[in-house]
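Here is a short report to read beside a protein model. Keep the 3D view open and find each residue as it comes up.

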Amino acid sequence: MSKVYTATHIGKVRKNNEDSLIFIEPETFIVADGMGGPAAGEVASQIVIATCKNFLPNVPEPWGENILKKAIMKSSAAILRLAEENPEYHGMGTTATLMHVYSGRAYYAHVGDSRLYRLKNNQLEQITQDHSYVESLVRRGEITEAEARVHPMKNILTQAVGATFDITVDTGSFTVDDGDIFLLCTDGLTNMVNDAEIAEFLSRSANPADDLIQAALDNGGVDNISAIVAKF
């Protein structure tokens, strides 16, 4: 891996930043976007980061799909326990997108509508699939991707870490080649910056994380914005 860039911003509208992110050596990246009202969303996303930070380094590498899934499930259980003990946290939850690279292969686990992208040969590919109501409409062909971007219910998730004891965690793996660039980000970025702009920043920017967040701010910045960019 050649370079990692990380950045997060509260945005122009929110009163607190409910996003959390971390780069864990060796070559592990996590973003989480909390929800559940003042303070609660921030707590939920921080639990994901803390749980992964404590769990993963104690497991032999590679941290494959099942290990990353287990980290998310442990995070979900911790969020649910805290919500049971503290009524003010009832209903909190978070997205979670994790990627670990080991010996030329990437492993990921994902819940929610934060995203993992790969730029390969100047072509941007969205690796993860949103767990959201509007994404289900797109998959069924009921609306287009352009319509999904402005749909009034685009923020409704169908899966969230800590929402229930029974969540579905998407996992996968693929080969990493020299020159690949990865982006993990929250929807505060993808709702403000389109795929063509994302690809341009990833391929040409000296600090793509900072520049992507600035672009999201320039386009409105209505949510918290977080990004991790890893260039291999």
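## The largest core

Which residues touch the most other members of the largest nonpolar core? The model is a predicted one, and in it the answer is I30, V48, I72, M92 and L98. This core has 31 residues. The largest share comes from α1, with eight residues.

Take M92 as an example. Leaving out residues up to four places away in sequence, M92 touches M35, G36, A40, V43, A44, I47, I79, L82, A83 and G162. Another core lies apart from the largest one. This other core has 22 residues, including I181, L212, L217 and A227.

## A buried threonine

Now find T94. It sits in strand β4, residues 93-94. Is T94 buried or exposed? Buried means under 20% relative accessible area. T94 has 0% relative accessibility, so it counts as buried.

What does T94 touch? Its contacts are A32, D33, G34, M35, A44, S45, V48, I79, A160 and V161, with residues up to four places away in sequence not counted. With D33 there is also a polar contact: the side chain of T94 reaches the backbone oxygen of D33 at 3.2 Å.

## Two faces of helix α6

Move on to α6, which spans residues 195-204. Its buried residues include I198, A199 and L202. Looking down the axis of α6, the buried residues fall within an arc of 100°, so they line one face of the helix. An α-helix has 3.6 residues a turn, so residues three or four places apart point the same way.

What covers the buried residues of α6? The cover includes β7 (115-120), β8 (123-126), β10 (181-185), α5 (187-190), α7 (208-218) and β11 (225-231). The face turned away from the buried side carries the exposed residues A196 and R204.

## Aromatic rings

How many aromatic pairs are there? The count is four. One of them is F23 with F29, a stacked pair. Their ring centres are 5.2 Å apart, with 10° between the planes. F23 is partly exposed, at 28% relative accessible area. F29 is buried, at 0%.

Y108 and F174 form a tilted pair, 6.3 Å centre to centre and with 45° between the planes. Y108 lies in strand β6 (residues 105-111) and F174 in strand β9 (residues 170-175), so this pair ties together parts that are 66 residues apart in sequence. Both Y108 and F174 are buried. Together with F182 and F232, they form one aromatic cluster.

## A charge and a loop

K3 also meets a ring. Its charged end sits over the ring of Y5, 5.9 Å from the ring centre.

Where does L157 lie? It is in the loop between α4 (145-149) and β9. L157 is in contact with M35, T95, G112, D113, H131 and S132, leaving aside neighbours within four places in sequence. The C-alpha atoms of L157 and K3 are separated by 32 Å. Along the chain, these two residues are 154 residues apart.

Methods:
Residues are numbered from 1 along each chain as its sequence is written. This is a predicted model: local features need pLDDT of at least 70, side-chain atom pairs count only at pLDDT 80 or more; totals for chains, interfaces and linings use all residues. Side-chain values use heavy atoms; hydrogens and water are left out. Helices (H or I, at least four residues) and strands (E, at least two) are DSSP runs, numbered from the N terminus. Buried means under 20% relative accessible area, exposed over 50%, partly exposed in between (1.4 Å probe, protein chains only). A polar contact is a pair of N or O atoms within 3.5 Å; within protein, one must be able to donate a hydrogen and the other to accept it, and residues adjacent in sequence count only if both atoms are side-chain atoms. Contact means heavy atoms within 4.5 Å. The arc is that of the directions from the helix axis to the C-beta atoms. Rings of Phe, Tyr and Trp (its six-membered ring) pair if their centres lie within 6.5 Å; planes under 30 degrees apart count as stacked, over 60 as edge-to-face and the rest as tilted. A charge sits over a ring if NZ of Lys or CZ of Arg is within 6 Å of the ring centre and within 35 degrees of the ring normal. A nonpolar core is a set of buried Ala, Val, Leu, Ile, Met, Phe, Trp, Tyr and Cys residues joined through side-chain atoms within 4.5 Å.
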